[in-house]
Amino acid sequence: LIGAAGSTMEQLSGTMNGTVGGIDNYLQWDGTMAGSVSTGTYTAYNGTISGAVEFSQGFDLQGEAKVTSTTRLFQTGGSMGSLLDEIDVYKQSGGSIDGEFSTRTFELAGGEALGVENVNITNELIQSGGTLNVVSREVPIFTPSGGSFRAPFPSRTTTCQAQERRLRATA
């Protein structure tokens with residue numbers, strides 16, 4: 001389903017396995033969103049999100065809404081202000097993280113990692129772009145392929161250490 005500017009899609013119940021894009025707002029009142037949604041703002045009041053959500057303005061869980069370990073969130077702007085259980089992938093290329101959550105994989109793809117200190121990364125931090133100013137938690141694997149970081153980095157990984165040596169050698 002491709003919507004138009006100013007449009008809102010409401011999921012009242014059931015399972016949404018398809019793809020929705022081009023809309024300003026997605027409202028999930030109940031049911032399961034197992035497909036893919038690209039929207040300005042995603043708000044879930046009840047139900048479960050187990051698919052992929054790309055949002056540019058905001059992401060908010062309210063009431064009994066929840067995510068699963070298969071959920072993938074892609075933030076291109078705006079704010080993510082919810083407290084979430086562990087999800088599979090979180091990719092940030094803009095905006096800020098005002099909520100808290102755990103994710104297996106966190107990717108900073110652009111912009112500044114605002115709020116990343118609120119994220120518990122259980123497997124890998126990938127930096128393919130943007131600026132990483134602070135990471136206050138240890139991560140098992142750090143894989144830099146672009147961007148810059150400007151803070152002491154608590155990591156137990158040889159990938160990060162190799163990158164630090166390359167950065168010092170070129171400085």
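Which residues does Thr105 touch, not counting residues up to four places away in sequence?

Modeller: Thr105 touches Asp88, Val89, Tyr90, Asn123, Glu124 and Ile126, with residues up to four places away in sequence left out of the count; contact here means heavy atoms within 4.5 Å. This is a predicted model, in which local features need pLDDT of at least 70 and side-chain atom pairs count only at pLDDT 80 or more, whereas totals for chains, interfaces and linings use all residues. Residues are numbered from 1 along each chain as its sequence is written, and side-chain values use heavy atoms, with hydrogens and water left out.

Thr105 is placed in strand S13; strands (E, at least two residues) and helices (H or I, at least four) are DSSP runs numbered from the N terminus. With a relative accessibility of 14%, Thr105 counts as buried, a term for under 20% relative accessible area, while exposed means over 50% and partly exposed lies in between (1.4 Å probe, protein chains only). Glu124, one of the contacts of Thr105, is 19 residues away along the chain, and the two C-alpha atoms are separated by 4.9 Å.

Asp88, another contact of Thr105, also forms a salt bridge with Arg104, with 3.4 Å between the closest N and O atoms. The term denotes a side-chain nitrogen of Lys or Arg within 4 Å of a carboxyl oxygen of Asp or Glu. Because Asp88 belongs to strand S11 and Arg104 to strand S13, the pair ties together parts 16 residues apart in sequence. Arg104 is partly exposed, its relative accessible area being 38%. A search of the whole structure finds 1 salt bridge.

The largest nonpolar core has 33 residues, of which Tyr42, Ile49, Phe59, Tyr90 and Phe106 touch the most other members. Such a core is a set of buried Ala, Val, Leu, Ile, Met, Phe, Trp, Tyr and Cys residues joined through side-chain atoms within 4.5 Å. Strands S11 (87-92), S13 (101-108) and S14 (119-132) are among the elements that give two or more residues to this core. Phe59 touches several residues beyond four places in sequence, including Tyr42, Ile49, Val53 and Leu73.

Phe74 stands opposite Lys91 in S11, and Glu54 stands opposite Phe74 in S9. S7 and S9 run parallel, joined by 4 bridges. In strand S9 (residues 72-75), Leu73 and Gln75 form the covered face, and Arg72 and Phe74 the uncovered one.

A further sheet, open and of 4 strands, has the order S2-S4-S6-S8 with parallel pairing. Strand S2 (15-16) and strand S8 (66-67) stand at its edges with a single partner strand each, so one side of each is left without a neighbour in the sheet.

For the protein as a whole, there are 1 helix and 15 strands. Of its 171 residues, 46% count as buried. Among contacts with a separation of 6 or more, residues 24 or more positions apart account for 2%.

Technical notes. Pairing = 2+ DSSP bridges.
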